[in-house]
Amino acid sequence: MNRAIRSYVLRQGRTTPAQKRALEELFPKYGLSYSSALLDVKSIFGRSAPLVVEIGSGMGETTARIAAEHPEADFIAVEVHGPGVGGLLNRIDKDKLSNLRVVRHDAVEVLGHMIPDSALAALHVFFPDPWPKKRHHKRRIVQPPFVSLVARKLAPGGIVHLATDWPDYADQMAVVFSENEFFEKSTQGFVERPQTKFETRGRRLGNPIRDLYFRRGERAPAAR
């Protein structure tokens, strides 16, 4: 049986007591368990509002800040690593963010199975794992099949906002989205991306940060 190529590895990072407690006590309140059934987004948030999914929310500081600054929209963060999920859960609880939920699972499976077609106002992919070695480039999440999946999940006019500090990955992102018939380049995102600690450190080291924006056109991809 062929095994799917994953865009991540489960690194053995240290989970602090506070993060562990959040995973145990706060996930039932602010987390969404993975399921092969489509989410009822209106039921989850208690309203109809623009929906944004972020893939790879890391420790959650950017995610929580965006959600706090944009109470008019709802956000779902997707992250696989326990410390990051626990950290974000603590931020949600501390800041009383009623418009942010977390899924701890593979992002491609979450998009494919849990997010309804044409449901997203935006998708954020900020600083995904660059898999810098050429032989590992196939593990990068931004590939043509992923772009086709994103086209189905975005609403007409929906925005994909990507950011990376790896020039060759930025070039790859630009190529695969530009080659997809359902996307066109855009000049801005759904929201302005706050600068992260990771990015601040990278800029000090001279790393080139690139943000890329693509808008889904009006024509809809075929449903599956």
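## Sheet and aromatic contacts in a predicted model

Strand β2 (residues 74-78) runs parallel to β3, and four bridges join the two. The structure is a predicted model, in which local features need pLDDT of at least 70, side-chain atom pairs count only at pLDDT 80 or more, and totals for chains, interfaces and linings use all residues. Residues are numbered from 1 along each chain as its sequence is written, and side-chain values use heavy atoms, with hydrogens and water left out.

Within this strand pair, I76 stands opposite R101 in β3. Both strands belong to an open sheet of seven strands with mixed pairing, in the order β3-β2-β1-β4-β5-β7-β6. Two strands pair if DSSP finds at least two bridges between them; strands (E, at least two residues) and helices (H or I, at least four residues) are DSSP runs, numbered from the N terminus. The edges are formed by β3 (100-103) and β6 (183-185), each with a single partner strand, so one side of each is left without a neighbour in the sheet. From one strand to the next, the twist averages 20°.

Helix α5 (residues 82-95) lies across β2 and β3 and runs at about 165° to β3. Axes are lines fitted to C-alpha atoms, for helices over the stretch in contact (heavy atoms within 4.5 Å), and angles run from 0 to 180 degrees between N-to-C directions.

A search of the whole structure finds two aromatic pairs. Rings of Phe, Tyr and Trp (its six-membered ring) pair if their centres lie within 6.5 Å; planes under 30 degrees apart count as stacked, over 60 as edge-to-face and the rest as tilted.

| Pair | Centre distance | Plane angle | Class |
|---|---|---|---|
| F177 and F183 | 5.1 Å | 80° | edge-to-face |
| F177 and F214 | 5.0 Å | 15° | stacked |

The stacked pair connects distant parts of the chain, with F177 in helix α8 (residues 167-178) and F214 in strand β7 (residues 210-216), 37 residues apart. F177 and F183 are both buried, where buried means under 20% relative accessible area, exposed over 50% and partly exposed in between (1.4 Å probe, protein chains only). The relative accessible area of F177 is 0%, and F214 is buried as well, at 3%.

Arginine side chains also meet aromatic rings. The charged end of R139 sits over the ring of W131, 5.3 Å from its centre, while R140 lies over the face of Y169, at 4.4 Å from the ring centre. A charge sits over a ring if NZ of Lys or CZ of Arg is within 6 Å of the ring centre and within 35 degrees of the ring normal.
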